[in-house]
Amino acid sequence: MAFKHPLCGATLPALAGVWRRAERVPAEAWPWLAYYALLAVLRAPVTAAERGLLAARRPEVPTPLFILGHWRSGTTHLVNLLAATGRFAVPTPVDVGLPAERLLIGRPLEPLLARLVPAGRWIDAVGVDRLAPQEDEVAPANLGAP
């Protein structure tokens, strides 16, 4: 099976929340949900380890800069320009796809996972590569806030 949906990197609680809030889950989606749940179960020990690692390190995070805007208003271009300066950290496809395991699984497997990143976004075909800045709404969805 392939990665068919942005929630393939969701945690088990996030998937359970989506399932609870869904009015109806079509039968053809059940195998995908089962597959994503299996991936979440297999990642669960790493998810817990990463949570503990981050709690122990308590990394200092600089004040964030949020770019907000309407679709097709140039926000992606602005983020790409800011990322090109090297002064700003921006989420990559792996960061948003596996937000709960990005250090322990995402970083070491990034070259492999990069092959699974589509060449363009499904919304508007804007080019994507393994280091391209990503819209970060997928990350909160994978963590349980779709």
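## Overall architecture

From the N terminus onward, the chain is built in the order α-α-α-α-α-α-α. It contains seven helices and zero strands, where helices (H or I, at least four residues) and strands (E, at least two) are DSSP runs numbered from the N terminus. This is a predicted model, in which local features need pLDDT of at least 70 and side-chain atom pairs count only at pLDDT 80 or more, while totals for chains, interfaces and linings use all residues. Residues are numbered from 1 along each chain as its sequence is written, and side-chain values use heavy atoms, with hydrogens and water left out.

The C-alpha trace spans about 45 × 40 × 30 Å along its principal axes. Of the 146 residues, 27% count as buried. Here buried means under 20% relative accessible area, exposed over 50%, and partly exposed in between, for a 1.4 Å probe and protein chains only. Among contacts between residues at least 6 apart in sequence, 69% join residues at least 24 apart, a contact being heavy atoms within 4.5 Å.

## Packing of H1 against H2

Two packed helices are described by the angle between their axes and the distance between the axes. The axes of helix H1 (residues 12–21) and H2 come within 9 Å and cross at roughly 155°. H1 is therefore roughly antiparallel to H2. The axes are lines fitted to C-alpha atoms, for helices over the stretch in contact, and the angles run from 0 to 180 degrees between N-to-C directions. Angles under 35 degrees count as roughly parallel, over 145 as roughly antiparallel, 65 to 115 as roughly perpendicular and the rest as oblique.

From H1, the contact draws on Leu 12, Leu 15 and Trp 19; from H2, on Trp 30, Leu 33, Tyr 36, Ala 37, Ala 40 and Val 41. These residues divide into nine nonpolar, no polar and no charged. In this division Ala, Val, Leu, Ile, Met, Phe, Trp, Tyr, Cys and Pro count as nonpolar, Asp, Glu, Lys and Arg as charged, and the others, Gly among them, as polar.

The structure holds three aromatic pairs. One of them joins Trp 32 and Tyr 35 in an edge-to-face arrangement, with 6.2 Å from centre to centre and 75° between the planes. Because Trp 32 and Tyr 35 are three residues apart in helix H2 (residues 30–57), about one helical turn separates them. The rings of Tyr 35 and Tyr 36 have centres 5.8 Å apart and planes at 45°, so this pair is tilted. Rings of Phe, Tyr and Trp (its six-membered ring) pair if their centres lie within 6.5 Å, with planes under 30 degrees apart counted as stacked, over 60 as edge-to-face and the rest as tilted.

## Contacts around Thr 11, Arg 43 and Ala 100

Thr 11 lies in the segment before H1 and is buried, with a relative accessible area of 11%. Leaving aside neighbours within four places in sequence, Thr 11 is in contact with Ala 40, Arg 43, Thr 47, Ala 100, Asn 142 and Leu 143.

Arg 43, in helix H2, is buried with a relative accessible area of 9%. Beyond four places in sequence, Arg 43 touches Cys 8, Gly 9, Ala 10, Thr 11, Leu 98, Glu 101 and Ile 105. Arg 43 and Ala 100 are 57 residues apart in sequence, with their C-alpha atoms 9.2 Å apart in space. Ala 100 belongs to the loop between H4 and helix H5 (102–106) and counts as buried at 12% relative accessibility. With residues up to four places away not counted, Ala 100 touches Thr 11, Thr 47, Glu 50 and Leu 143.

Thr 92 is found in the loop between helix H3 (75–84) and helix H4 (93–97), and is buried with a relative accessible area of 10%. Beyond four places in sequence, Thr 92 touches Arg 107, Glu 110, Arg 130, Leu 131, Ala 132 and Gln 134.

Pro 45 has its place in helix H2 and is exposed, with a relative accessible area of 57%. The C-alpha atoms of Pro 45 and Arg 87 are separated by 34 Å, the two residues being 42 residues apart along the chain.
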